[in-house]
Amino acid sequence: MSTDTYTSSVERSNVLATDIAADPGMYRTLTGERPTGPLHLGHLFGTIRERVRLQDLGVETVVVLADYQVITDRDAIGQVQRHVYDAALDNIAAGIDPDKSTIFTHSAVPALNQLLLPFLSLVTEAELHRNPTVKAELAASGRALSGLLLTYPVHQAADILFCKANVVPVGKDQLPHIEMSRVIARRFNDRYAAIFQEPQALLTSSPDVPGLDGRKMSKSFGNAITLSMTPEETAQVIRRTPTDSDRYISYDPDTRPGVSALLTVAGLCTGKKPESIADEIGSAGAGALKTLVTESVNSFLAEHRRRRAELAAQPGYVQSIVRRGNELANETAEQTLREVRRAMGTHY
Ligand code: TRP
């Protein structure tokens, strides 16, 4: 994406944030994640805290656990059911209130998936191939481009448009998908009847959370602190972080990726600046830094983990939340599909 496009996305997002705060009842948000593994601090700071904030402002909130997106760049769907339930628990522990918000899965909502067909007719193959996020995911997968990887941004448009969401809190990498959703809404409206609003991206302001090796925090890099780890497991992954031999701790992401990633993570968890944490540690070395980071992360996540464990211990609880969310999502999707069929003249 060009810098210009990005700058204008930021500007539009800032205006949107002001409008939402003034009139939250005008907005519905759809957001979610791919249930490929346990959620980590990157998810929490990236989008989950933002969706909780929107919910608490009074914006109607819908969370998709995008199980069909799991198989965009891999063959095996893995322990998808477990990951769906884990993600639902983490969302609720982080503050998503299942009495106010909906948590659902793709695969349980046929009418959402059916929107893919008319939506696919609204985009060209060239547009699909141009999507920079798809290109990056293709390269990272090291495999042939599957039909689903190529077209999943259109499926993601169905996630957003099935419930007529008009705001989507996202990080920068998701902007091309939001743009595609806007194009699809616009073309559908022009071609058939005006039933969709163009959704807007609300850029989350939190920085990318570095993984413990300085690269982006990601399950697939094995550098993540997951929300559900025990304090001991957290200490263990932090202890394994490669640092360097300079005892004097300083914040410099370019030359000291490990040390700086640790400082950033501690900064996010304590609300302090990484530089001032570095000053506090001074020449006490990487061992002292790791102790401080472990304590910061564990105390920051203690309440989340306590709530999560409490919910996980209630038999059938998370299953019932997802089942109820799926029922609601089905009602909404069927209603939208009825409108789409009427607009297209395919109602019999
Ligand atoms: N693609 C998103 C991710 O990888 C997850 C997602 C699926 C999503 N459907 C969505 C995000 C709809 C926003 C809106 O994180």
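This is a predicted model: local features need pLDDT of at least 70, side-chain atom pairs count only at pLDDT 80 or more; totals for chains, interfaces and linings use all residues.
Colleague: Which element gives the most residues to the shell around the ligand?
Modeller: The shell takes in residues with a heavy atom within 4 Å of the ligand, including L30, G32, E33 and D159. Helices (H or I, at least four residues) and strands (E, at least two) are DSSP runs numbered from the N terminus. Both α8 (147–162) and β1 (28–33) supply at least two shell residues. The top contributor, with three residues, is β1.

Colleague: How far is the polar side-chain atom of D159 from a nitrogen atom of the ligand?
Modeller: Polar contacts here are pairs of N or O atoms within 3.5 Å. The side chain of Q156 has an N or O atom 3.0 Å from a ligand nitrogen, and for Q174 that distance is 3.1 Å. For D159, the distance to a ligand nitrogen is 2.7 Å.

Colleague: How many residues of the shell around the ligand are charged?
Modeller: Asp, Glu, Lys and Arg count as charged; Ala, Val, Leu, Ile, Met, Phe, Trp, Tyr, Cys and Pro as nonpolar; and the others, Gly among them, as polar. The shell has four nonpolar and four polar residues. The charged ones number three.

Colleague: Is D73 buried or exposed?
Modeller: D73 and R74 meet in a salt bridge, 3.1 Å from N to O; the term means a side-chain nitrogen of Lys or Arg within 4 Å of a carboxyl oxygen of Asp or Glu. Buried means under 20% relative accessible area, exposed over 50%, and partly exposed in between (1.4 Å probe, protein chains only). R74 is partly exposed at 31%. Because its relative accessible area is 16%, D73 is buried.

Colleague: How many residues apart in sequence are the parts that R143 and D75 tie together?
Modeller: R143 and D75 form a salt bridge, with their closest N and O atoms 2.8 Å apart. R143 lies in the loop between α7 (132–141) and α8, and D75 in the loop between β2 (60–65) and α3 (80–93), so the separation of the parts in sequence is 68 residues.

Terms used. Residues are numbered from 1 along each chain as its sequence is written. Side-chain values use heavy atoms; hydrogens and water are left out. A polar contact is a pair of N or O atoms within 3.5 Å; within protein, one must be able to donate a hydrogen and the other to accept it, and residues adjacent in sequence count only if both atoms are side-chain atoms.
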